[in-house]
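Welcome, and please have a look at the model shown here.

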Amino acid sequence: MATLTNQPSKKGGKGGSSTVKFARRTSSGKYVSLSKEEIEMSGGEGGDQNSYTVHIPVTPDNQPVAAKAEEQYVSSSLFTGGFNSVTRAHLMDKVIDSQVSHPQMAGCKGSSCAMPACDGNVIKDERGNDVIPCECRYKICRDCYMDAQKDTGLCPGCKEPYKSADSDDEIPNYSKGALHLPGPEKDNKQMSMMKRNHNGEFDHNKWLFETQGTYGYGNAYWPEDGDEDGGMHQGMLETADRPWRPLSRVINIPNSIISPYRLLIAIRFVVMCFFLVWRVRHPNEDAVWLWLMSVVCEIWFAFSWILDQLPKMHPINRETDLPLLRDKFEAPSPANPTGRSDLPGMDVFVSTADPEKEPPLVTANTILSILAVEYTVEKLACYVSDDGGALLNFEAMAEACSFADLWVPFCRKHDIEPRNPESYFSLKGDPTKNKNRVDFVKDRRRVKREYDEFKVRINGLPDSIRRRSEAFNAREEMKMLKHMRETGADTLEPIKVTKATWMADGTHWPGTWAVASREHAKGDHAGILQVMLKPPSSDPLMGSSEGNIIDFSDVDIRLPMFVYMSREKRPGYDHNKKAGAMNALVRASAILSNGPFMLNLDCDHYINNCNAIREGMCFMMDRGGEDICYIQFPQRFEGIDPSDRYANHNTVFFDGNMRALDGLQGPVYVGTGCMFRRFALYGFDPPKLDKLPANVDKTAELKTTDFDPELDVNLLPKRFGNSTLLAESIPVAEFQGRPIADHPAVKYGRPPGILRAPREALDATTVAEAVSVVSCWYEDKTEWGDRVGWIYGSVTEDVVTGYRMHNRGWRSVYCVTKRDAFRGSAPINLTDRLHQVLRWATGSVEIFFSRNNAFLATKKLNVLQRLAYINVGVYPFTSLFLIVYCFLPALSLFSGYFIVQNLDITFLLLLLTMSVCLIGLAILEVKWSGVSLEDWWRNEQFWLISGTSAHLAAVVQGLLKVIAGIEISFTLTSKSAGEDNDDIFAELYLVKWSSLMIPPIVIGMVNIIAIVVAFLRTIYETTPQWSKFIGGAFFSFWVLAHLYPFAKGLMGRRKKTPTIVFVWSGLIAITISLLWVAINPSVSQRPAATSGGGGFTFP
């Protein structure tokens, strides 16, 4: 290993000076110096927080193979570092116990070393070729190469100094969109440029031979030397030859549906006003207290209905044109004969925290679905944040990368959907449908067998890690005992050896240990970063049939870049939960890949539609897409019971409210399944042409100060931190994220073809910088979490983050795809569901009492959008009025008074009109949103259940935090591991007691008792007043009907009928019997009852 020391925050990146010191790491994790200047030197754990030290294998800069070798070393090294500690890169010869074969995978080994008595292996590049430092092609491993450099500097094969290999040719520049070739001679005959081989691929050699290195007549010409803007002009000519078409379009709701819908909203609003005026002017003098409570609740319900209904005035639908996206950005053309992609980069974030509650198998399947997505391989990067720093997650991700070597090409070869192996192999129906290849059945059977073995390895990792750690700890104890005997110490004393957790290569895991110790606990461990799959080459890498269980000879086997990250955690720091982890991912990805767009997913939300990213890109790359801050996809869930008892699908919100907001300024951000524009997440306003300097080229890369004149260059560290690489990446991400300027109407864009150039290789300095920006101190005295990135201060950081961007003038888009873009899991157990809703409602209360309250929004926020955000912070407070209103029927029945003194005809007509309008609105909303009436009713039921339980608790907790400063803690929602059970809905019937259940139970029991008491009192009264009883009983039954799913949840399994069922059945039977006796008395008792006025009367 080598120690590369520099100052990352004081330099521009790769050009800083460095000093190389050789060192080796022992199996116990210690560093032993082998430098020429020093015989022995410790690794050192102190230092200034702004500096870092990188331990990497030696790669001399004067060798042409250095870049390739260093990238391979970097991708095979585990980087660790943090506050007041060195940044080290531990070269891992073995990442997992199983063997890896993909050339991009960390730990992949090449041919055997040719040095005598050496059992090492030559490293591979990203295409699977051996990296050989000398032109004589002498194969040598990393250690022998380092020794040869230190000793003589000569190649052991040819005995000559290392020279440049032929493989290091200059990388062509694709930024101008065309090949650098001389212009055509005027006497040449007209020829076709597109020469293809027998496989249908472009044959560059044939083209050069037949054209003599130039284009033919009728094709695009490359400009003469001196025309520097020729590439831009060529791209414009190429796109101008074709009619311009939009990548997306808006589909308005038919007027036959939306016009009556808006009319009913207006009618109900007017009638509701008349109803409230009548209620205020006609108090119940006999029970003023009952009338006052009901009127106050009804006024609040009217206000809440306005906040919920008015933003639904303009719902829309959208559709995209995927073939046009491919034609614009990836189709071969005279300027792009090989069809190199011009799409921007995409970074996908997956967050996980606890492997016990979020099973690694679930996360691994999500990662596999991302790696197999249909997007340009070299433009895609996947990052996983393990906030717990668990070795179990690390090795599970490494196993997933190893299995991706088989799974991803299989999906590409046979066009598999979905690309989550667990979901795919669980599909019901004929798997051969729409499959044309004759070897599909054989391939599927082999992949299924490999996946079963993969699951066994993942599920066996906890035991494997435990046994390995016990063995290594026992070895350390034996070493300690041997040392004590040699030194003459007392061997009877207990041996004190730290119970460490060991990696597969026999070294200490730098993260959380199974037996927590200092600097190795969940809240106290170093930052960890591992490039498990290094960036792929820019050209396709076709597989072969040799040595593989499946023939991939015509399939591109490249894999996207994959990075494992666990940010540093130390005691005394507020790490800000998920929001802090996401911000760490934003910074690390900006250093490593800097994709202009980012997609964040929960660990249990996998990509169900392989074209989902392309669908979102159609909006971002369309004309006017530069002011879109994010694309929100609907959340879809699987594993929900068929009746959706607790409205887990939440279709009324995702298909109703979100479509409606899409017609305003855009949907709210809901935490997962969202594609962000990186530049918008950095806290900038959307680009406005009139605010940019007049002398600035709108199609060129701008400076950061051009977007925010108030942001001085010296203030960049205060806003974004002291990383120069991070600051330099901001304008690059903004420029690459613009739509292409392929139409005169596109005033703000980028030239076509500018993103066809290959990305730069990773080096140790870059990765070390990424480690430094995920340290616990980096955000100190910066605007991360306040203006930049995910916003801190609320458990619902997603809503606040989206609100901040809308408040700066950005707009968002709701992308509903024909095939669900993403699918995840949701808690189907009543208690888990209530706790999930409690967390959401608590975050809304925090928003209401913070400066993120929409009442304080700027003028850039749309008026109806403002109402929607106000409703986000207000809706939990409805529980205070709802719980009172649910007790009013019971109080009316107990007291014998109703909310009105007399059932006036005006009251009944107004009430009937509002009810009819509500039913009409529900039917029309079902029409334009596609929600079924059953889903709508389930949503209404759970609204009352959650409103009388979780929302009430959220208001109490929120007030405690604001008034008393008591912080709120919530429990992670458990994710299903997908194991086979006799009953896949076993969790649905599991009754787990929670204090949240008390209010709904009390409401239900009080209303039932009130109905019985009032009925018995009414039938035995001298003059029964059936009107008051029926009025109170009707509203009590309305409450009980909404609580029906809650009652079923308390009953547990259907096969086990609890005692409460028999009690309720007997109670209902007695009530019906008494009602029958009252309405149809016997002949002997009828005159007495009639004379006493006991007949049934209705007002």
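## Contacts around T352

Two residues count as being in contact when heavy atoms of theirs lie within 4.5 Å. Keep in mind that this is a predicted model. With that cut-off, and not counting residues up to four places away in sequence, T352 touches E358, T363, V384, S385, D386, D387, N393 and C603.

Where does T352 sit? Its place is in strand β9. Is T352 buried or exposed? Its relative accessible area is 5%, and buried means under 20%, so T352 is buried.

## The sheet

Strand β9 belongs to an open sheet of 10 strands with mixed pairing. Reading across, the order is β6-β5-β13-β14-β10-β9-β15-β19-β17-β20. The edges are held by β6 (85–91) and β20 (811–814); each has a single partner strand, so one side of each is left without a neighbour in the sheet. On average, neighbouring strands here are turned by 20° against each other, direction ignored.

In general, strands of a sheet pair through backbone hydrogen bonds, either parallel or antiparallel. Strand β15 shows both senses in this model. With β9 (residues 346–352) the pairing is parallel, over 6 bridges, and M346 stands opposite F597 of β15. With β19 (residues 674–677), β15 (residues 597–602) runs antiparallel and is joined by 4 bridges; M598 has F676 as its bridge partner there.

How many residues of β15 are buried? The count is 6 of its 6 residues, so to speak a mostly covered strand. In a regular strand the side chains alternate between the two faces of the sheet. In β15, F597, L599 and L601 point one way, while M598, N600 and D602 point the other way, and all are buried.

Further along the sheet, helix α21 (residues 797–807) lies across β17 (628–632), β19 and β20. The helix runs at about 145° to β17.

In soluble globular proteins, nonpolar side chains tend to be buried together. The largest nonpolar core of this model has 135 residues, and L529, L592, F676, Y682 and F720 touch the most other members. Helix α5 (residues 255–281) supplies the largest share of this core, 10 residues. Apart from it lies another core, of 86 residues, including L324, M346, A404 and F562.

Which residues does L529 touch? Leaving out residues up to four places away in sequence, they are S77, L78, F79, V563, Y564, M565, A588, L592, V767, A770 and V771.

## Two helices that cross

Packed helices are described by the angle between their axes and the distance between the axes. For helix α13 (residues 577–592) and helix α19 (residues 724–736), the axes come within 9 Å and cross at roughly 80°. That makes α13 roughly perpendicular to α19.

On the α13 side the contact is made by R587, A590 and I591, and on the α19 side by L725, L726 and S729. These residues divide into 4 nonpolar, 1 polar and 1 charged.

## Helix α2

The buried residues of helix α2 (residues 142–151) are R142, C144, Y145, M146, A148 and K150. After α2 comes G153, with a positive phi near 75°.

Note on methods. Residues are numbered from 1 along each chain as its sequence is written. This is a predicted model: local features need pLDDT of at least 70, side-chain atom pairs count only at pLDDT 80 or more; totals for chains, interfaces and linings use all residues. Side-chain values use heavy atoms; hydrogens and water are left out. A nonpolar core is a set of buried Ala, Val, Leu, Ile, Met, Phe, Trp, Tyr and Cys residues joined through side-chain atoms within 4.5 Å. Buried means under 20% relative accessible area, exposed over 50%, partly exposed in between (1.4 Å probe, protein chains only). Helices (H or I, at least four residues) and strands (E, at least two) are DSSP runs, numbered from the N terminus. Two strands pair if DSSP finds at least two bridges between them. Axes are lines fitted to C-alpha atoms, for helices over the stretch in contact, and angles run from 0 to 180 degrees between N-to-C directions. Angles under 35 degrees count as roughly parallel, over 145 as roughly antiparallel, 65 to 115 as roughly perpendicular and the rest as oblique. Ala, Val, Leu, Ile, Met, Phe, Trp, Tyr, Cys and Pro count as nonpolar, Asp, Glu, Lys and Arg as charged, and the others, Gly among them, as polar.
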